[in-house]
Amino acid sequence: MASFAPLAPSPPTSTAEARLSLTELLLACDAARPCAEAVVEWLTVHARAAAAACVAREEPGGRLVCLAARGLSEAQCASLEPQQDDTRHPLVEALTRDAPHFLPSPRPPLPRGETAEGLFTVPLGHAGSPPVGLLLVWASGPALPSEVSWVASHAGPFLARQATGPRGTGGSDLFRRIIDAVVDPILLTDLVGHPHLANARAEALLVANPGSSEGRRRAVRLNQRVLAAALASTASGGVPGPSRREVPLVDPVEGMDLLFELVTQRVYEPDGREAMVSVLRNVTDLGRATQALGESYRRLRATEREARSERHRLDRVLDSVADPIILSAPSGGTVMMNDPAEKLFTPPPNAGRPAQRRVRTNHATFASFLANLLGAEGSLRWRGQLSLVDPASGATRPMEAVASKVMGDGGELTGIVTLFHDRSEALEKARLLERLREVSTLLEARVQVATAELAEQNEKLRRQAIQLEQASAAKSQFLANMSHEFRTPLNAILGYTNMLLQGVSGELSPAQKRNLTRIDSNGRHLLEVINEILDITRIEAGRMPLNLSDFRIPELLQEVMAEMDPIIARSKLAVSTHLAPRLPQVHGDRQKVKQVVLNLLSNALKFTHEGAVKVSAEYAPSTAMLSISVSDTGIGIDPAQQEKIFEDFQQVDSSPTRAYGGTGLGLSICRRLATMLGGRVSLQSTPGQGSTFSLHFPRRTRRT
Amino acid sequence: MTNSSPTLKPLVLVVDDYDDAREMYAEYLEFSGFRVAQARNGQEALDQAFALTPDIILMDLSLPIIDGWEATRRLKNDARTRAIPVVALTGHAMTGQSDEAKGAGCDSFVTKPCLPDELVAEVRRILALQGGAQAR
């Protein structure tokens, strides 16, 4: 920054001292205005100028401003400052000259000096570059005072530097044009990032005029901060060589995000201070391209991953299919196959020669199968039966195969999918089915034979049943007829005996009467036997139906006692009736109940010589069963005989000389009748002490 | 209706093909104070009944020519003999015969063997019913 102007040849002492003092003054100045003041002051004193002024281009903007003036009014000073667009102002024109110029009569708006007619315009600035300002000296012309040219040559660069700031340091217009021509922004900054020099591109990013839009100013501020931070961190890094980093900036005009590569190199300024030269390279497009590339790479990877997983899934799906599947290329070559197919078309691990041969056989078989489809132009599908061989075992694997062409979008053949279906199982099933059918037919035949036999047996049984029925009916008829045939003569025997005993044929002698009585009693016994045989016959022939009605036990027992009264009267027994309270009404066959009770009572009376006979009736609600019991104090029955006496024609004493009368059919009939009523006859007896016979029957008899 | 009158003894027609039984009952009925007519078969029974209009008929059911059931049915279908009570006599004690007899129009049913005095008791019972009915 401190660039000293070269010293001019030594001037005369008096003026030399004045020049030295000015030079010292200028060196002490740190701004354009005091510098200009000093120069103008000095000129009016030492160059005998009537008036002097210093104008310079103001940065930024380049407007000419009056830095200092002597001998001019304020208005005159103001007239030295042309308007922004005033290109015809005399000073604008003067600035285009690079050598001092004398205007003998300055045209307005330039003020005229009071004492001097003319005006010298002396360009200020570095030699070889456009002047940055003018030194205006109102003096008599036309020769330029030597002090003026000295001041201009010495103070010019100094003033120029002060007036234009850092930019002035930049040097020549050429340099400026050169760096402006560079498409990348270029900056010279101090170590903390304050810019000393910036080319047009850099200014576009980092400089805002007071008249700029708010958006642009904000963008510029942001860019300045970002860049300052980047440079500061680079500077503190202390890397000797050029350092590179990326900085994101904002396009102040478009507002777009831009990405720059910042290349920074430390340099030393002429004054020995460290500075940094930074070149910003717009890599936004590159960054975007990189980003896009990265994105598409990622997408590609994702797609590839997806495809791989899809493929993996497809593989697993295919492998999970139990049937072999092969995908073949249009040429016939195998592209892929699933696990079941591999078992047939690839040799198993450590396969021996036979296995390899079988695999080759399978391939050949498959190839000739595929040839059918490949050879057929129009058809998309080919179905066939293949006989493959299991490579491991050599077992034949009958297969049904369906090959389908896979067509591409353009209708071209892209592959052939072949599905195999193992028919072994189906064939085995068919075989089993056939076998089953045979067995079934056989079985059916056997069943038919058995059925026929069964039918025959049934027919035989039916015939036998009919025969039995007929025999039974014949027996019943025979017995019925026989009883009729017995009764007819017996009717006459008993009738005439009855008449004789009544004296119809005259009075009888006692002996005749006794003998007739014996005929009568034997006849009656015979009748009784015949009647009882007839009863049993009727029961067995099913010709003794149930006649159901409602009746009461007390009335029934009363009737029984009444009918038995003559016999009871003849005996010397105490006969009593015991009725339990609340005996319910009975629904049953009254006649049959009565017949049983009569029979039991008659037996009791017959087999009891002394003591008592008790008839009792009771009801068990829990079982809804009635019991009518006849207890006696008679001879009793040995336990061994107790079951036997219910059999036909059985008495305890079956000998012809037995002591007791009766047919021996009574209890047998009682048991049958009790069964018909849905009940039974029970016996409790102790020989020598007596017996109790009981009829048990339900309160309500049901027809069976 | 009948030729019976308070002064005349009731006339009983005994029909039975078995002579011993028929004559036995006839004898005992006469002994017991009835007038008796006899028939050996169903045809005779019809002829006698139409001819004599007895007060009561004892009809054995198993008869030659016309059986007892048929004879009873004809008697009951004829206005002249419809009112004469018929007591069926049978040696067949099988169930169903009494029902059949009632169906044919018999007023009572007696199973043989039947002692003469028991038969007379039944005849008297039926005639008493008949007389009571007539009295009303």
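Let's start in chain B. Helix 2 (residues 42–52) of chain B packs against helix 3 (residues 68–76) of chain B at an angle of about 25°, and their axes are 9 Å apart. Helices here are DSSP runs of H or I with at least four residues, strands are E runs of at least two, and both are numbered from the N terminus. Axes are lines fitted to C-alpha atoms, for helices over the stretch in contact, and angles run from 0 to 180 degrees between N-to-C directions. The angle makes helix 2 of chain B roughly parallel to helix 3 of chain B; angles under 35 degrees count as roughly parallel.

A word on the model. It is predicted: local features need pLDDT of at least 70, side-chain atom pairs count only at pLDDT 80 or more, and totals for chains, interfaces and linings use all residues. Residues are numbered from 1 along each chain as its sequence is written, and chains are lettered from A and ligands numbered from 1 in the order in which they are written.

Which residues meet? From helix 2 of chain B come B:Gly42, B:Ala45, B:Leu46 and B:Ala49. From helix 3 of chain B come B:Gly68, B:Glu70, B:Ala71, B:Arg74 and B:Leu75. Contact means C-beta atoms, placed from the backbone, within 7 Å. By class, that contact has five nonpolar, two polar and two charged residues. Nonpolar means Ala, Val, Leu, Ile, Met, Phe, Trp, Tyr, Cys and Pro; charged means Asp, Glu, Lys and Arg; the others, Gly among them, are polar.

Next, the interface. Chain B puts in 17 residues and chain A 21. On the chain B side, helix 1 (19–31) and helix 5 (116–135) each supply at least two residues. Helix 1 of chain B gives the most, with five. The chain B side divides into 11 nonpolar, three polar and three charged residues.

Now chain A. Chain A has 17 helices and 22 strands. Of its 704 residues, 27% are buried, meaning 20 or more other C-beta atoms, placed from the backbone, lie within 10 Å of the residue's own.

Last stop: helix 17 (residues 666–676) of chain A. Eight of its 11 residues are buried, so this helix is mostly covered. Among the buried ones are A:Leu667, A:Ile669 and A:Arg672. What do the buried residues pack against? Helix 14 (510–540), helix 16 (590–607), strand 21 (680–686) and strand 22 (690–698) of chain A. After helix 17 of chain A comes A:Gly678, with a positive phi near 85°.

Methods:
Parallel < 35°, antiparallel > 145°, perpendicular 65-115°, else oblique. Contact = placed C-beta atoms within 7 Å. Buried ≥ 20, exposed ≤ 12 C-beta atoms within 10 Å, placed from the backbone.
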